[in-house]
Amino acid sequence: MKAQLRIAAFTLSLLLVALAFIRSAPTVGASATGQIVGTIKLDGQAPHLKPIDMSKDPACAQANGGAPVAAENVVVGANGGLANVVVYISQGLAGNEGAISSQPATIDQRGCKYVPHVVALNVGQHMTVLNSDKTAHNIHPQPSPTGGNGQWNKSQTAGAGPIDVAWANQEVAIPVKCNIHPWMRAYIAVVKGPFGVSNDTGSFRMDNVPPGTYTLTAWQETFGTQTQVVTVATGKPATSDFTFKAK
Amino acid sequence: MAGKIFAVVVALITIVTAYCVIAHVWWMPVDISVHGPKIDHQIEETVLVAGLLFIAGQVVLAAFVFLYGGARNRIKQIPGGAKPLIVFAFLLVGTEIVALSFIGSKAWGAVYFEAPDPASMRVDVQAGQFAYYFRYPGPDGKFGSLHPDLINEGNQNYFGLDTDHDADAKDDIVTAELAIPVNKPILLTLHSKDVGHSFYARELRIQQDFVPGLNIPVHFTATQTGRFEIVCTQLCGLGHYNMKAYLSVLSPSDFDDWLRKQASMQ
């Protein structure tokens, strides 16, 4: 009888220890996710872009020193690096998108341009619209009529407070115009899961990618999209490079 | 007593107003056009004729209130009755209006009924919410066709030109500023991208509405160099207050330099 009790007690305590171990196992956190990095290049000569003449609004012209301003449809840095390309996971991540950042993305109207020219954020993530100019703007995002994101426009006078907005549906990418200054253009890419936007050397980085195999899509406003399959493991970042061909 | 104060106030307002107009305290900006003097002259004649009637009317009003205001001095009936007075007023003001119209038609005709000089420099003007864009035909002297479906402001194709396939459109020069050479006849063609707008250059004494669907010609010759404002004077939406462009009247050589620089940026 005593031996049986001892066995039972020992088994029970083993079970309890095992349970404790299982309960204390960490949930998938930052330490268990991977990264994707890469470089995006433009192959060929960047198209000639006409400089923007802002003389119709002296506040805009003054903010840019009176000189014509470079357009940002195609921004190529040193070594052919293509900037403002949005990279996101288009397949393979269903249900595992991770938490939406509580940090809002920002877009600023500065020098009568949108800064940054391309903003990427998650579905449901907040976006703050600022006006740093000494003139009024009227921001007008134009999402696809069938995409589920509503079209709207809002004025902000000089010195007005920020506008806060969030997008309910994935869309790559929503064109944004200013109703008062026709040359202004930006794009908002609303995606699920990790994303990156290439800088002026063409490099991008995506953090918090759960290990797995995914299809990556790279989007640029003039050159369209390209896809690539990538496998992510924890430890060394996975690399994915893209090259767009100039027309 | 109140009547006498009223009469004095009316007289004072009349004198101050008349002084401001006669002394040109706030008057028109400098005229830089060939047809401008006719318009300015017409405005001065109108102001003079209407002004004389205005002064006369106010003086009579003030005098009657001063002399006959108050319970004891009330005039019980207009001498001769009301009808002759009304008829006289109609005839006087009516004749004045008709006369001014006939005389003023000379100024109107100078702008609208004279054909443009065949050697005019042509510029295409497009108004759209809320900016003006201007188009010069380029070395081939021909304007490319406009395709509204190709308009893409994000790519700075404001006019909807098909530069890939249309040879006439390839060398068109699109600018955000209207520069013209001084002392040369200019022919503008105005069209609207969307709603009604207006082209108003005060110093040029030109004001012309854009009517959606129409190509409206306007011609003039500028006589002085300088930088002037073109403002929209037809309410066109929330940005109407901000809608303007600059007119730059340059010497012929400065204009050639400017046009060459614009062409190189296209």
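Chain A has two helices and 17 strands, while chain B has five helices and ten strands. Helices (H or I, at least four residues) and strands (E, at least two) are DSSP runs, numbered from the N terminus. This is a predicted model: local features need pLDDT of at least 70, side-chain atom pairs count only at pLDDT 80 or more, and totals for chains, interfaces and linings use all residues. Residues are numbered from 1 along each chain as its sequence is written, and chains are lettered from A and ligands numbered from 1 in the order in which they are written.

**Overall dimensions**

- Chain A has a radius of gyration of 24 Å, well over the 18 Å that the globule rule gives for 247 residues, so chain A is more spread out than a compact globule.
- The radius is taken over C-alpha atoms, and the globule rule is 2.2 Å times the number of residues to the power 0.38.
- Along the principal axes, the C-alpha atoms of chain A fill a box of roughly 100 × 45 × 35 Å.
- For chain B the radius of gyration is 26 Å, well over the 18 Å that the rule gives for 266 residues, so chain B is also more spread out than a compact globule.
- The box of chain B, taken along the principal axes, is roughly 90 × 35 × 30 Å.

**Helix 1 of chain B**

- At 1.5 Å a residue (times one less than the number of residues), the 21 residues of helix 1 of chain B should span 30 Å, and the end C-alpha atoms are 30 Å apart, which agrees.
- Just after this helix, B:His24 takes a positive phi of about 55°.

- Two packed helices are described by the angle between their axes and the distance between the axes.
- Axes are lines fitted to C-alpha atoms, for helices over the stretch in contact, and angles run from 0 to 180 degrees between N-to-C directions.
- The axes of helix 1 (residues 2-22) and helix 2 (residues 36-68) of chain B come within 8 Å and cross at roughly 165°.
- Helix 1 and helix 2 of chain B are therefore roughly antiparallel (angles under 35 degrees count as roughly parallel, over 145 as roughly antiparallel, 65 to 115 as roughly perpendicular and the rest as oblique).
- Among the residues in this contact are B:Phe6 and B:Val10 of helix 1 of chain B, and B:Ile55 and B:Leu61 of helix 2 of chain B.
- Two residues are in contact if their C-beta atoms, placed from the backbone, lie within 7 Å.
- Helix 2 and helix 3 (residues 82-112) of chain B pack at an angle of about 170°, with their axes 9 Å apart.
- Helix 2 and helix 3 of chain B are therefore roughly antiparallel to each other.
- Here B:Ile39 and B:Val49 are among the residues of helix 2 of chain B that meet helix 3 of chain B, where the partners include B:Leu100 and B:Ile103.

**Between the chains**

- 20 residues of chain B are in contact with 19 residues of chain A.
- Strand 10 (residues 244-250) of chain B gives the largest share of the chain B side, three residues.

**Backbone details**

- The peptide bond from A:Val115 to A:Pro116 is cis, with omega near 0°.
- A:Pro116 sits in the loop between strand 4 (113-115) and strand 5 (118-122) of chain A.
- The bond from B:Gln129 to B:Phe130 is cis, with omega near -5°.
- A:Asn208 is not a glycine, yet has a positive phi of about 55°.
- A:Asn208 lies in strand 13 (residues 203-209) of chain A.
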